[in-house]
Amino acid sequence: MGNKKIITGFIFFLIFMWLCTLISKSMYTTKLPMVSTVSPEEKYIEHKVEEEGIVVEGGKQAVAALPGVKVKTLVAHVGDRVEEGDLLFQIDLEDLREIIKEKQTQINSLKMQVNTILENQELENQRKEIEEERAREDYNTTARLENTDVGRAADRYARAAEDLDDFYEDNSGMDEETRNQTQQELLDALQNAAYAEADAKRERDQAMKEAERSVEDILFPDEADATLSVTQLEISELNADLSKYTDILNQEGNIKAGMGGMITDIYIEAGGRVPDGASMMLTDDSVPCQFKVILDKEQKKYVGFGDEVSVKLDGSSKKMDMTIDYFSESQSVPGSFETLINLPEGTGVPGLSGTLSCSNIGEKYVCCIPVLSIIEADNRSYVYVVKEREGILGKEYYVEEVNVKVVDRNESWAAIEGNTLDGDSEIIVSADKEFGKGDVVRWIN
């Protein structure tokens, strides 16, 4: 009977201890962080690009006015829609009249210069005519005098030759010494006459050449002088400008649109002067609008020239399937990329907002995990994985830290390189309390 009581008491003790253990374990467990996990999956990492953009003009036309005139009133503004003949701005008429007066004064001054140049040219022509006439007279006089000298020298040579011939025909009555002496004198005279004739011809030729060159020098054209042509060209240009200024004056200074379009840029202001170039820029209605989007470097990986995208403009419920027509690094936003899409004719107006969207299925990866499970710190990426072990109170779950290398990702999923994780890994994605590496947790699977 006593043994039976002892055995019964021991059983009750064991039950009591079991209940205490169960209660202690339950109380211990309730204090642990509760975590939920997922296992890696085989997936395609899809990349979606969605970015806001704006409709811009497909082409522009310049509104030009004469530079230098003063703007009195600016009527049109950026964003205004104008039609052909609409008033854009007005010119200050008093200032315009002063400009016209100055232009006319410049023209009159240049005309006086032209008249002076023409008068001087006429005087120069008269002077050259007189010089040419005198040079030709000098030439004829030189020719007459020099030919006379040559003729006289030739006559002296002829007489010397006759004297020598007469000597040879009749030399009787002379002794030999006298005959020899006379013959030598006649030969010397003939030789001297020949030299004199040659000298006279040479002097005549030299004098004639100099006289001829004097005539040629006078007849040689003057050096080219563009002064007259340049001045006449300036007068022509000033007259053309004067005509344009006069036309503006006749239109009471009103500058009107020569075509329809929307004003996109204005380069003038009331009280200022019109610059050399465009005063305003208008959209060209003959060219369809474009949709412009600025993308960052990450988005550039998945969107490029010729890619198919969807465009939805504000105010429209319909998405348009379009193709990217232009893709280049942005000049206005360094490090970004400018994308242009040609819109169908009659679609959109400059300034209208919209959204570009596209999806790239990407590659298929064996090991993909939720992005929210990845922790990035200290220049590395890692995840927390739930592991099992034997503890004081029996089987328990603890946290292990595993380094990972992300090779691709989107907003929701990340692809992991290598075999650091497998299909049986339980990766923590959420917890109701903070925890760290090695901590024991409650796992909800």
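Here's a quick tour of the nonpolar cores and aromatic rings in this structure.

The model is predicted, so local features need pLDDT of at least 70 and side-chain atom pairs count only at pLDDT 80 or more, while totals for chains, interfaces and linings use all residues. Residues are numbered from 1 along each chain as its sequence is written, and side-chain values use heavy atoms, leaving out hydrogens and water.

Let's start inside. A nonpolar core is a set of buried Ala, Val, Leu, Ile, Met, Phe, Trp, Tyr and Cys residues joined through side-chain atoms within 4.5 Å; buried means under 20% relative accessible area (1.4 Å probe, protein chains only). The largest such core has 31 residues, and L88, F89, I91 and M280 touch the most other members. Elements giving two or more residues to this core are β7 (87-91), α2 (93-169), α4 (227-250) and β10 (278-283), with α2 giving the most, seven residues. A second, separate core of 18 residues includes C289, V293, L295 and V309.

Now for the rings. Phe, Tyr and Trp rings (for Trp, the six-membered one) pair if their centres lie within 6.5 Å, and planes under 30 degrees apart count as stacked. That rule gives five aromatic pairs. One joins F327 and F337: the centres are 5.9 Å apart and the planes at 15 degrees, so they're stacked. F337 is buried, at 12% relative accessible area.

Charges sit over rings too, meaning NZ of Lys or CZ of Arg is within 6 Å of the ring centre and within 35 degrees of the ring normal.

| Charged residue | Ring | Distance to ring centre |
|---|---|---|
| K43 | W413 | 4.6 Å |
| R389 | Y398 | 4.3 Å |

Definitions and conventions:
Buried < 20%, exposed > 50% of the residue type's maximum accessible area, 1.4 Å probe, protein only. Helix = DSSP H or I, 4+ residues; strand = E, 2+ residues; numbered from the N terminus. Phe/Tyr/Trp six-rings, centres within 6.5 Å; stacked < 30°, edge-to-face > 60°.
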